[in-house]
Amino acid sequence: MLLPLRCLLLLLLGCWLLARPGLACGPGRGFGKRRHPKKLTPLAYKQFIPNVAEKTLGASGRYEGKISRNSERFKELTPNYNPDIIFKDEENTGADRLMTQRCKDKLNALAISVMNQWPGVKLRVTEGWDEDGHHSEESLHYEGRAVDITTSDRDRSKYGMLARLAVEAGFDWVYYESKAHVHCSVKAENSVAAKSGGCFPGSATVRLEQGGTKRVKDLRPGDRVLAADEQGRLLYSDFLAFLDRDDGAKKVFYVIETREPRERLLLTAAHLLFVAPSNATAAGAPSGAAPERRALFASRVRPGQRVYVVAERGGAPRLLPAAVHRVSLREEAAGAYAPLTAQGTILIDRVLASCYAVIDEHGWAHRAFAPFRLAHALLQALAPARTDRAAGAPGVHWYSRLLYRLGTWLLDRDALHPLGMAVAPS
């Protein structure tokens, strides 16, 4: 009986491993022979890519509100002084140079493509951030997430190809809107679609089974970290992989602060955080089952709600609901990491969080990762001595990408975080 079982395990493992190269056929280095550069075709007049409305999940995402110079969100805008880009700036206020970091990155990449495509020609921005109300209601120009562009020679025969170059540069929505310009926009800076589905900063800490703490960015397969089961009982769970990892990112995070005990957690808008029901006392109490908790996106947590934190009561650590004292919309921190444990939960900076993001159902997400956990268990069974495996390549994990694509096809749009996720068109 042992031999057939071993053969079955090897067969399942082989199928899983064979599936991975197939997923490398997308952008990136991939496998096999080096591909020839693809031939670029200009966009047709009035064509937009992707072929969905601009402010939808698959494109640049929802409008988040106008940014003014005296608003808190004004710090989201950064000036672009790239000498290879000409800014019209007809208002003489420098407004056209102000944009989100994502928009700036894509614009700078496009500037290089323009110079390579047409030597001696530069990229020209005719409209950037709008603080004067010159655009339609809920225009992404009001958030610094949109630009209207031409070439410096104003040769309109080039604009179709300019739009194609903008697509290739990574803009989340490109529209050959007018004979006089091309419109481009990007996802919100704190969006999952901007860089990740849901993450914690690299400085966040977890508690290890062997004692002490470790920064999230230093986690490696083989580490066992503090988590909690469905009944709220604390336990240690295997760290499996990073669902997203960006070592060099400078991201903005939501800050969730509790009053008693005082804890502070940073996480991105679309990450799930467990909130206690109003009648909750202690999770995992021996006297009975814990009240049913629910998972909310970090962006939907409000002061007065209660999250679960680790507290020392009666000599043993346990989970207790703690009232949220304050929610700060954004704080910048270095690095972005989304750790996955076998349990699907993790205690980050002493606060209980889900390992999942973007989809609003923790249970669904955990079940969707069952094949991934099975594959990991098979690898452990077949090669138990390999405890030095790396945590994985930077970027969004291929399995997360696959699940997200399936989710956008199968799930109701309301089940996904409105800010989207990086694994969609970008």
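How many cavities of 30 Å³ or more does the count come to? In this predicted model, the count comes to two such cavities. The largest cavity has a volume of about 50 Å³. Its lining consists of Glu 91, Thr 93, Ala 95, Asp 96, Glu 127, Trp 129, Asp 130, Glu 131, Asp 132, His 134 and His 135. By residue class, the lining of the largest cavity comprises six charged, three polar and two nonpolar residues. Rolling a probe the size of a water molecule over the atoms shows where empty space is left.

The chain as a whole contains six helices and 20 strands. It has 426 residues, of which 50% count as buried. Its accessible surface amounts to about 20600 Å², and carbon and sulfur atoms contribute 53% of that area. Among contacts in the chain with a separation of 6 or more, 67% involve residues 24 or more positions apart.

The buried residues are Tyr 159, Gly 160, Met 161, Leu 162, Ala 163, Arg 164, Leu 165, Ala 166 and Ala 169. The elements covering these buried residues include helix α2 (101-117), together with strands β1, β5 (123-127), β6 (146-151), β7 and β8 (181-185). In general, an α-helix has 3.6 residues a turn, so residues three or four places apart point the same way.

The segment that follows α3 was considered next. Just after the helix, Gly 170 adopts a positive phi of about 105°. Phe 171 belongs to the loop between α3 and β7 and counts as buried, because its relative accessibility is 6%, under the 20% limit. Beyond its neighbours within four places in sequence, Phe 171 is in contact with Cys 103, Lys 106, Leu 107, Leu 110, Val 147, Ala 166, Cys 184, Ser 185 and Val 186. Asp 172 is buried, with a relative accessible area of 2%, and its side chain forms a polar contact of 2.9 Å with the side chain of Arg 102.

Gln 47 occupies the loop between α1 (2-22) and β1 (48-49). With a relative accessible area of 30%, Gln 47 is partly exposed. Its side chain reaches the backbone nitrogen of Ala 44 at 2.8 Å. Apart from neighbours within four places in sequence, the contacts of Gln 47 are with Val 174, Tyr 175 and Tyr 176. Val 174 is 127 residues from Gln 47 along the chain, and the C-alpha atoms of the two residues are separated by 8.4 Å.

Towards the other end of the numbering, His 397 was also examined. His 397 is placed in the loop between β20 (395-396) and α6 (398-410). This residue counts as buried at 15% relative accessibility. Residues up to four places away in sequence being excluded, His 397 touches Ala 241, Phe 242, Leu 243 and Phe 372.

Backbone geometry was then considered. Most residues other than glycine have a negative phi, and most peptide bonds are trans. Ile 49 and Pro 50 are joined by a cis peptide bond, with omega about -5°; Pro 50 lies in the loop between β1 and β2 (78-79). The peptide bond from Glu 260 to Pro 261 is also cis, with omega near -10°, and Pro 261 is found in the loop between β12 (234-258) and β13 (264-267).

Positive phi values occur at non-glycine positions as well. Glu 138, in the loop between β5 and β6, has a phi near 65°. Glu 138 is partly exposed, its relative accessible area being 37%. Arg 350 is not a glycine, yet has a positive phi of about 70°. The loop between β18 (345-348) and β19 (351-357) holds Arg 350, which counts as partly exposed at 32% relative accessibility.

Technical notes: Residues numbered from 1 in each chain as written. Predicted model: local features only at pLDDT ≥ 70, side-chain atom pairs only at ≥ 80, totals over all residues. Heavy atoms only, no water. Helix = DSSP H or I, 4+ residues; strand = E, 2+ residues; numbered from the N terminus. Buried < 20%, exposed > 50% of the residue type's maximum accessible area, 1.4 Å probe, protein only. Contact = heavy atoms within 4.5 Å. Polar contact = N/O pair within 3.5 Å; in protein donor to acceptor, adjacent residues only side chain to side chain. 1 Å grid on protein atoms, 1.4 Å probe; cavity = no way out; pocket = protein on both sides within 12 Å on 5 of 7 lines; lining within 4 Å. Points joined across faces, edges and corners; volume = space filled by probe spheres on them. Nonpolar A, V, L, I, M, F, W, Y, C, P; charged D, E, K, R; others polar. Areas by Shrake-Rupley, 256 points an atom, 1.4 Å probe, with all protein chains shown as cover.
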